[in-house]
Amino acid sequence: TLPNVFNSMALGNIIGIVFFLLVLFAALTSAISLMECCVSIIQDRFDLSRKKCCTIILAGILILGIPCSLGFGVLDFIKPLGSMGYGLLDFIRIFGMNFLDFFDFMTNSIMMPISAICTCLLIIKVTGFKTVINEVEISSKFKRKKAYLFCMKYIVVPGLIIILLSSILSTIGIISI
């Protein structure tokens, strides 16, 4: 439908090209900023040069990214586990998902809730509410302080655990969402 939208506009081809160039620049800058975190951590941890760290991260990105991008194209012949017998390519499907779906499940349904739970526990147990409240009140009045404290103490962590468990149980097939 996107080509039809651009074709219906005056100067649609030019607008389409500019749109996709802007998306490309946004994706590249996002990728560079995400890669920078990993490069910095590996550089600090293993005392490697920046060039070596970038090469390691790039290799990892290519190893994980190429199968994901080809999962609906060249590699779409890969079938769910068992449907082809137990051939060489059967191991590639995990929970009946192709590469892209599996990594999407891992990042969105597993890693994000776990990191959110860890962040909340870090604030609750280590940093403390007073530090967060003081930080917010540097720039403005914290009008919803009581609601924030109530949610952080009683709602957020149990809610995130429910989200995590429901996504896992749904993927396994025990419940349906």
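Me: Which residues does Phe103 touch, not counting residues up to four places away in sequence?

Reply: Contact here means heavy atoms within 4.5 Å. By that rule, Phe103 touches Leu64 and Cys68. Phe103 and Cys68 are 35 residues apart in sequence, yet 8.0 Å apart in space, C-alpha to C-alpha.

Me: What sort of model is this, and how are residues numbered?

Reply: This is a predicted model, where local features need pLDDT of at least 70 and side-chain atom pairs count only at pLDDT 80 or more, while totals for chains, interfaces and linings use all residues. Residues are numbered from 1 along each chain as its sequence is written, and side-chain values use heavy atoms, with hydrogens and water left out.

Me: OK, how many helices and strands does the protein chain have?

Reply: Helices (H or I, at least four residues) and strands (E, at least two) are DSSP runs, numbered from the N terminus. The protein chain has 6 helices and 0 strands, so along the sequence you read α-α-α-α-α-α. Phe103 is found in helix H4, and Ser109 is in helix H4 too.

Me: Is Phe103 buried or exposed, or partly exposed?

Reply: Buried means under 20% relative accessible area, exposed over 50%, and partly exposed in between (1.4 Å probe, protein chains only). Phe103 is partly exposed, because its relative accessible area is 29%. Ser109 counts as buried because its relative accessibility is 19%. Leaving out residues up to four places away in sequence, Ser109 touches Asp104, Leu164 and Ser167.

Me: And what about the protein chain taken whole: what percentage of the residues is buried?

Reply: Buried residues make up 20% of the 177 residues. For the surface, areas come from the Shrake-Rupley method with a 1.4 Å probe, and for residues only the protein chains shown count as cover. The accessible surface of the protein chain comes to about 13100 Å², with 72% of it belonging to carbon and sulfur atoms. As for contacts with a separation of 6 or more, 38% are between residues 24 or more positions apart.

Me: Which residues line the largest pocket?

Reply: Pockets are found on a 1 Å grid over the protein atoms alone: a pocket is an open set of points where a 1.4 Å probe fits, with protein on both sides within 12 Å along at least five of seven lines, and lining residues have an atom within 4 Å of a point. In this model, Ile61, Leu64, Gly65, Cys68, Phe103, Met106, Thr107 and Met111 line the largest pocket. Helix H3 (50-70) and helix H4 (99-127) are the elements that give two or more residues to that lining. About 300 Å³ of space lies in the largest pocket, where volume is the space filled by probe spheres set on the points, joined across faces, edges and corners.

Me: Last one: how many disulfides does the structure hold?

Reply: A disulfide is a pair of cysteine sulfur atoms within 2.5 Å. The structure holds 0; for Cys37, the nearest cysteine sulfur, that of Cys38, is 6.6 Å away. Cys37 counts as partly exposed at 48% relative accessibility, and Cys151 is partly exposed at 31%.
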